[in-house]
Amino acid sequence: MMLRVAGLLAIVTLSACTSTTPSATATATPAPSPQPSPKLTTYTAADTATALAWAPDKRLFYAERSGTIRTFDGTTRRTFATVSTSTDGERGLLGLALSPTFDKDHFVYAFYSRADDLARQRVVRWLDRGGTGVNVTTIVENLPAGPDCCHKGGRIAFGPDGKLYVTLGENHMAAEAQNTASVRGKILRYNADGTVPGDNPFGSGNPVWAIGLRNPFGLAFSSDGTLMVTDNGPSGDAGTPGSGWDEVDRVVRGGNYQWPTCFGDGRHLQGLSCAGTLPAWQSGSEDVVPTGATFVSQKGLTGYQGTFVFCSYSEARLKVMSSDGTRPLFDGPRCQLDVKEGPDHALYLSDSSAIYRFGP
């Protein structure tokens with residue numbers, strides 16, 4: 001959540017025109033019925049659901065920023081686990097992921113800012129036993145949160161390689177984003193047990209996977225393994241404009257995504273030239289404040305199949321992009337915090353008060 005957001009927008013829905021089925025005759029085959037137009041409905045109330053994750057048994061796990069992980073199966077809402085987290089500034093329970101082999105190991109992972117030490121954050125793991133989280137284990141400890149309000153990152157996701165990817169903001173220490181020995185302003189990559197894979201790009205024991213990010217808050221893998229990240233643009237720090245220049249970045253092993261040498265479409269700030277790669281897309285002077293993201297499968301909603309989508313906190317809309325993240329296509333329904341495709345191929349979207357279902 002960015003502190004420059006002024007407020008929330010009204011709930012919106014999308015509608016599509018419905019064609020009329022031709023009348024059947026004695027010799028003609030009736031035309032198939034048109035697909036129902038998708039509607040936005042409240043799936044369950046939730047208190048600032050920062051992250052969503054679906055289990056194979058069709059339970060929705062969701063993380064509430066204040067420190068509670070809950071599940072909802074369409075009928076019953078249950079408390080799965082709680083953490084003692086700070087919500088000072090942009091801190092909180094910020095990330096959630098299920099093990100890619102959840103049906104076998106029943107592991108649930110979360111990222112949160114510690115209440116007992118505002119300068120530190122951690123990734124933990126529970127065993128799901130009968131719908132309750134037990135045997136909590138710290139997987140990654142001592143991730144920095146910084147001394148001030150902002151840029152905590154906090155998204156987690158498993159890649160197709162079975163590794164755990166973690167976003168971390170630069171904690172308002174811009175130069176750290178270019179320092180490969182620092183975890184600030186990075187995408188980090190771990191084994192599922194929190195150890196560091198031997199094939200990471202910056203040396204043995206270094207969890208850094210990609211550098212040059214400011215406050216990456218959306219993290220999504222496509223079915224072919226493409227990793228996309230949404231990164232919040234500068235808001236007056238390091239001599240930048242006070243708003244705008246939010247990004248979508250296609251992340252590769254060892255990639256560098258400019259900050260703070262440049263921002264947006266290669267606008268120069270420091271040094272002799274821009275470091276690394278321009279974003280796949282940037283918002284220019286428009287304030288978007290991108291948060292949770294996902295790829296929509298080919299079985300998803302009509303008109304959304306194969307797209308990359310992310311939530312805009314400031315616009316309270318789903319932003320629908322081309323599959324490579326380079327072109328905005330249209331705005332979807334209400335979304336501020338996270339979005340995931342459900343097992344029914346509807347989209348599930350969250351804001352500060354609820355989780356919504358968008359589908360037939």
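Predicted model: local features only at pLDDT ≥ 70, side-chain atom pairs only at ≥ 80, totals over all residues.
**View 1. The largest cavity and its lining residues.** The largest cavity has a volume of about 50 Å³. Its lining is made up of Arg214, Asp231, Asn232, Gly233, Pro234, Trp245, Glu247, Tyr257, Trp259 and Phe263, a set that divides into five nonpolar, two polar and three charged residues.

**View 2. The largest pocket and the strands that contribute to its lining.** The space in the largest pocket amounts to about 1200 Å³, and 46 residues line it, with Phe158, Phe221, Thr294, Phe295 and Lys340 lying nearest the centre of the pocket. At least two lining residues come from each of strand E2 (49–54), strand E6 (93–98), strand E10 (156–158), strand E14 (216–221), strand E20 (290–295) and strand E24 (339–341). By residue class, the lining of the largest pocket comprises 23 nonpolar, 16 polar and seven charged residues.

**View 3. The disulfide between cysteine 149 and cysteine 150.** This is one of three disulfides in the model, and the sulfur atoms of cysteine 149 and cysteine 150 lie 2.2 Å apart. The torsion about their S-S bond is about -95°, so the disulfide is left-handed. Cysteine 149 is partly exposed, with a relative accessible area of 26%, whereas cysteine 150, at 7%, is buried.

**View 4. The disulfide between cysteine 262 and cysteine 274.** The sulfur atoms of cysteine 262 and cysteine 274 are 1.9 Å apart, and the torsion about the S-S bond is about -90°, so this disulfide is also left-handed. The pair links distant parts of the chain, 12 residues apart, with cysteine 262 in strand E17 (residues 262–263) and cysteine 274 in the loop between strand E18 (267–268) and strand E19 (281–282). Cysteine 262 is buried, with a relative accessible area of 1%, while cysteine 274, at 30% relative accessibility, is partly exposed.

**View 5. The disulfide between cysteine 311 and cysteine 335.** In this pair the S to S distance is 1.9 Å. When the bonded cysteines of the protein chain are numbered in sequence order, the pairing reads 1-2, 3-4, 5-6.

Terms used:
Residues numbered from 1 in each chain as written. Heavy atoms only, no water. 1 Å grid on protein atoms, 1.4 Å probe; cavity = no way out; pocket = protein on both sides within 12 Å on 5 of 7 lines; lining within 4 Å. Points joined across faces, edges and corners; volume = space filled by probe spheres on them. Helix = DSSP H or I, 4+ residues; strand = E, 2+ residues; numbered from the N terminus. Nonpolar A, V, L, I, M, F, W, Y, C, P; charged D, E, K, R; others polar. Disulfide = S-S within 2.5 Å. Buried < 20%, exposed > 50% of the residue type's maximum accessible area, 1.4 Å probe, protein only.
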